[in-house]
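This report describes a protein chain for a reader who is new to structural analysis. Please keep the sequence and the model in view while reading.

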Amino acid sequence: MESILNSLDRQPEIESLAEGLSKGIEEQLVTGLVGSSRALLLAALRRKTRRPLCVITHNMLQAQKVHEDLVELLPEEEVLLYPANETVMGELLTVDRGVMRSRIHVMDRLVNGHAQVLVLPYSGWRRLLPPAGQWKTKQFVLEQGQEADLEAVVRQLVDFGYERMDRVEEPGQFAVRGGILDVYAFNEEQPTRGEWFDVEIDSIRAFDPETQRSLENRDQLRILP
């Protein structure tokens, strides 16, 4: 693949497209591309210009295909896929916590300038999302040794849309038992347990939601809405 991309870099058509982008030309028409050749062109432009790319497809199936092709051509951490259903009813019926985690991950990467290539269906491009500034303010960090009022943290979790449960099993849930707070943040692979000693956070540990056994100690936990 590297040799193919290197060859494309020297093609006059790629040179022309890259030059148009550098000059701020708003529209350029490319025809005759089929299958994975679209991804090859996009990867070549990304390598040539080093500019962020936003790729909008007709539907989610096409977006997934383009994303799969691009991660074969570019560093995987550069390419993000924003999932969205084509219909409002489909969104209401099928959006699960896994999809929400993916969206939150993409939004967080975008806000912090870590995304280079974003692939999304047209329905995702049409979604209303919070402003970047608001997204940055609607998050908080818990640190070991920090003084924090547990009830205030609970109110903030509710404000962020987290659901209070007796036992944490899925992202977006939290539970409180005495001075212990379990929270499964959408941006974490495992739930996290914070233990309070009076008003101070004594420890923070990731744990297995099935066995409830601790996995590792943590210095802090960042919680996104």
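The model is predicted. Its chain contains nine helices and 11 strands. The C-alpha trace spans about 70 × 40 × 35 Å along the principal axes. The chain has a radius of gyration of 22 Å, whereas a compact globule of 225 residues would have one near 17 Å.

Three of the strands form an open sheet with parallel pairing, and their order in the sheet is 1-3-2. Strand 1 and strand 2 stand at the edges with a single partner strand each, so one side of each has no neighbour in the sheet. On average, neighbouring strands of this sheet are turned by 20 degrees against each other, direction ignored. Helix 6 packs on the sheet and touches strand 2 and strand 3. The direction of helix 6 makes about 140 degrees with that of strand 2.

The elements of this region have the following residue ranges.

| Element | Residues |
|---|---|
| Strand 1 | residues 53-57 |
| Strand 2 | residues 79-81 |
| Strand 3 | residues 117-121 |
| Helix 6 | residues 97-111 |
| Helix 7 | residues 122-125 |

How many bridges join strand 1 and strand 3? These two strands pair in the parallel sense over five bridges. Ile 56 has Leu 120 in strand 3 as its bridge partner.

Ile 56 also belongs to a nonpolar surface patch of about 340 Å², made together with Tyr 122 and Trp 125. Trp 125 lies in helix 7.

Definitions and conventions. Residues are numbered from 1 along each chain as its sequence is written. This is a predicted model: local features need pLDDT of at least 70, side-chain atom pairs count only at pLDDT 80 or more; totals for chains, interfaces and linings use all residues. Side-chain values use heavy atoms; hydrogens and water are left out. Two strands pair if DSSP finds at least two bridges between them. Helices (H or I, at least four residues) and strands (E, at least two) are DSSP runs, numbered from the N terminus. Axes are lines fitted to C-alpha atoms, for helices over the stretch in contact, and angles run from 0 to 180 degrees between N-to-C directions. Contact means heavy atoms within 4.5 Å. Patches are made of residues with over 30% relative accessible area and no salt bridge: like charges are joined within 9 Å, nonpolar side chains (Val, Leu, Ile, Met, Phe, Trp, Tyr) within 5 Å. Accessible areas come from the Shrake-Rupley method with a 1.4 Å probe; for residues, only the protein chains shown count as cover. A salt bridge is a side-chain nitrogen of Lys or Arg within 4 Å of a carboxyl oxygen of Asp or Glu. The radius of gyration is taken over C-alpha atoms; the globule rule is 2.2 Å times the number of residues to the power 0.38.
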